[in-house]
Amino acid sequence: MDMRLVAAVLTAVIVLASTACSPGERVDLGSDAGNLIAAIAGEPDQLDPQKTSAYFSFEVLENVFDTLVEPDADLTMRPALAQSWETSPDQLVWTFRLRRGVTFHDGSPLTAADVVYSYRRVIDEKLANADKLSAVTDIGAPDEHTVRITVAHPTPNLLTNLGGFKGMAIVQRRNVEDGQIATHPVGTGPFAFVARKSGDSITLRANARYWAGAPKIPGVTFRFISEPSTALSALQAGEIDWTDAVPAQRVGQLRNDDSLHLAVTPSNDYWYLALNQARAPWNDVRVRQAVAYAIDRPSIVQATSYGTAQANQLAIPEGNPWFVPYDRYRRDIEKSRRLLQQAGAAPKTMDVLVTTEYPQTVTAAQVIADNLAPLGITANIRTVDFATWLDEQNSGHFDMLMMGWLGNIDPDDFYYAQHHTGGASNAQKFSDPRVDALLDAGRTQTDRQARKDDYARAATLIADEVSYIYLYNPAVIQAWSPSLGGYEARRDKAIRFRDAVLQAGGENR
């Protein structure tokens, strides 16, 4: 299972005390006073950035660790721990020059050996993002400030693979080997870990030695509030400064609320349905197409996101440079019936696998059940916890499932693991040699237009052959206090507070 697939464990709702405050008045948080207070919807499962697969962990850890390179707001890779890089004429050797003077939070210097150790750990321990380094044949450190990566073939998405934060953070060897990284991580990022209160919060303090300049706030306290209405109320009451737990049904109303700043930003995430092609009749493309024509995407978007998401029939949203127009599957029940007749198929039931961890899957399944009823198909919605969902997906025990992919940047992120024959997350068992060839070419093609053409053809085939039934691209919905500046909502959902500024009474605090 890819790191980009959120595998979050939701925690109990906490209610922030508000009896002693009036709207707009900050609660006394003791040792957290002066910190930016951010409410996230769940508790990190652990704090090892290379091992966790929980989005809630990444929200915190992106402020604690750095990567070699990093995406800007337009998702173009920029220098981070590496201040520059170059490639050999044959595109097989990448040489990265590290910034000098970078230190870990405990004061020890960052060296090229730390970078080599971090990537070797991902490869050798076969961690979830090892696929990102599958082309790597050697990693070395010619000196303390130089990292050299050799690849088996030209790898145009190497920077994206190294810079997409999830799982690719640079860690400290001692912190890993003494076992402390999961509970007390040591990174090079803008904030250092201070403490964790189970079920309540994680506190970070500003890193005064941060290579990009010390943060302007003393720290960040992440509080765990799983109920969006509770988080929103806390924001409106002045108890917190920022949250991404915003009820989608309140977005229309909140657009006119002067007590907060609302951001609704199109994301690169996508939600989809997958039919199990290892089972009849779903192994017949005509049956899969019949289901695709029966799905009412606008109704699903409205039911799951109150219209804030963008219906889409491919993975990559409009506005992304890799976007491909595609509009084949408008709801057409008569066409669905004809396709089933052509296939000689008359399925009566469908086992639909969804999970309580993502309520939108349950809601969507209810709409889908109504969509399929005119075809004589009864959708038996099977709602399980996420651990069970993963087991059932991996064992192929489903007719159809719904899930999302998060944190995608390069087109390879959207397609290879999911649709290449034998891909790490190809649970639906899709196999098409034409798609395989195009996705393989995309991994080595260095001409951008030719690469874009390869992915456009692959994406169209994936949809035509119904490897996935794509539903929509959700919006990134976040809200924060008008006193918070220097922060922007990003379509890759990266939560970065390093440039944040908090103001009180017109003065920075």
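This is a predicted model: local features need pLDDT of at least 70, side-chain atom pairs count only at pLDDT 80 or more; totals for chains, interfaces and linings use all residues.
**Entry 1: the second largest pocket**

I started with the lining of the second largest pocket, which by class has 8 nonpolar, 9 polar and 6 charged residues. My classes: Ala, Val, Leu, Ile, Met, Phe, Trp, Tyr, Cys and Pro are nonpolar, Asp, Glu, Lys and Arg are charged, and the others, Gly among them, are polar.

Numbering runs from 1 along each chain as its sequence is written, and side-chain values use heavy atoms, with hydrogens and water left out.

I looked up the volume of the second largest pocket and got about 520 Å³. Of its 23 lining residues, Pro156, Thr160, Trp322, Asp410 and Arg448 are the closest to the centre. Helix H3 (158-163) and H14 are the elements that give two or more residues to this lining. Helices here are DSSP runs (H or I, at least four residues), strands are too (E, at least two), and numbering goes from the N terminus.

Where does the second largest pocket lie? Domain 1 (65-178) and domain 3 (270-473) both give residues to its lining, so it lies between them. The domain bounds come from an automatic or database domain assignment.

For the terms, I worked on a 1 Å grid over the protein atoms alone: a cavity is a set of points where a 1.4 Å probe fits but cannot get out, a pocket is an open set with protein on both sides within 12 Å along at least five of seven lines, and lining residues have an atom within 4 Å of a point. Points are joined across faces, edges and corners, and a volume is the space filled by probe spheres set on the points.

**Entry 2: the largest pocket**

This one has a volume of about 1200 Å³. I found 40 lining residues, with Pro228, Asp244, Val246, Pro359 and Gln360 nearest the centre. Which element gives the most to the lining of the largest pocket? That is E19, with 4 residues. By class I got 23 nonpolar, 11 polar and 6 charged. Domain 2 (191-264 + 477-502) and domain 3 (270-473) each supply at least three residues of the lining.

**Entry 3: cavities**

My search of the whole structure found 7 cavities of 30 Å³ or more. The second largest cavity is about 110 Å³ in volume. It has 13 lining residues, and Glu62, Phe65, Glu70, Arg496 and Arg498 are the closest to its centre. Its lining has 5 nonpolar, 3 polar and 5 charged residues.
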